[in-house]
Amino acid sequence: MPRAGLTTSTVVDAAARMLDERPGDALNLATLAESLGVKAPSLYKHVDGVDGLRRRIMLRAKTGFADALTDAAVGTSGADALRACATAYRRWAEAHPGQYALTVRAPLAGDVDDEEVSERLASIVFRVVAGFGVDGDDLVDAVRFVRAALHGFVDLETGGAFELPTATERSFDRMVASVAGALAAFGRPAG
């Protein structure tokens with residue numbers, strides 16, 4: 001019988017917190033079990049090993065990330081939508097550095113749950129970028145551009161790479177404004 005108060009949700013919550021507190025560390029069932037006051041075999045009543053636990057965290061993280069971007073985008077369009085989503089993206093990644101790494105991967109082929117939540121997450125970015133009048137193959141290129149810019153900034157910032165004296169907020173604002181400007185011109189013939 002499972003330990004009273006220990007549920008799949010509490011196990012996943014504890015593991016997600018552990019990832020965020022120590023983003024570079026590998027997920028470890030023994031350490032997780034100890035933090036929950038149980039023996040590692042007890043966790044198998046709630047999750048299918050480390051891989052199953054990591055999958056559950058990833059699904060929950062992608063859902064939370066999608067919720068944050070959706071909430072930010074509601075009632076906005078164009079450059080305002082981009083700025084709102086970019087800010088929400090950055091804030092969510094800063095608050096969940098260990099989980100964030102699980103959200104940037106493409107869905108595992110055949111994992112219907114991952115495919116669905118990944119589609120939801122991607123569709124938000126596609127809608128924001130489409131708001132700049134970008135469509136067709138240009139839309140795919142533009143979404144890749146936006147994701148690369150945001151991920152690059154967030155990854156460098158959370159990794160401690162921005163130690164120069166200029167405020168990162170200013171740099172972030174300028175990057176988002178530059179991305180908005182590029183999107184406004186995206187897909188137009190050069191010249």
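# Rings, helices and burial in a predicted model

User: Over the face of which residue does Arg90 lie?

Analyst: The model is predicted: local features need pLDDT of at least 70, side-chain atom pairs count only at pLDDT 80 or more, and totals for chains, interfaces and linings use all residues. Numbering starts from 1 along each chain as its sequence is written, and side-chain values use heavy atoms, leaving out hydrogens and water. A charge sits over a ring if NZ of Lys or CZ of Arg is within 6 Å of the ring centre and within 35 degrees of the ring normal. Arg90 is placed at 4.5 Å from the ring centre of Phe172.

User: How many helices are in the chain?

Analyst: Helices are DSSP runs of H or I with at least four residues, strands are runs of E with at least two, and both are numbered from the N terminus. From that end the elements run α-α-α-α-α-α-α-α-α. With 0 strands, the count of helices is 9.

User: How many aromatic pairs are there?

Analyst: Rings of Phe, Tyr and Trp (its six-membered ring) pair if their centres lie within 6.5 Å; planes under 30 degrees apart are stacked, over 60 edge-to-face, and the rest tilted. By this rule the number of aromatic pairs is 7.

User: Why is the pair of Tyr89 and Tyr100 given its class, and which class is that?

Analyst: Two numbers describe such a pair, the distance of the centres and the angle of the planes. For Tyr89 and Tyr100 the centres are 5.7 Å apart and the planes stand at 75°, so the class is edge-to-face.

User: How many residues apart in sequence are the parts tied together by Tyr89 and Tyr100?

Analyst: Both tyrosines are buried, where buried means under 20% relative accessible area, exposed over 50%, and partly exposed in between (1.4 Å probe, protein chains only). Tyr89 belongs to helix α5 (residues 78-95) and Tyr100 to helix α6 (residues 97-103), so the separation in sequence of the parts they tie together is 11 residues.

User: How far apart in space are Gly133 and Ala185, C-alpha to C-alpha?

Analyst: Gly133 is in the loop between α7 (112-130) and α8 (136-158). With 62% relative accessibility, Gly133 is exposed. Gly133 and Ala185 are 52 residues apart in sequence, and their C-alpha separation is 9.3 Å.

User: What share of the residues of the chain counts as buried?

Analyst: The C-alpha atoms fill a box of roughly 70 × 45 × 25 Å along the principal axes. Among contacts between residues at least 6 apart in sequence, 67% join residues at least 24 apart. Of the 191 residues, the buried share is 38%.

How values were computed: Contact means heavy atoms within 4.5 Å.
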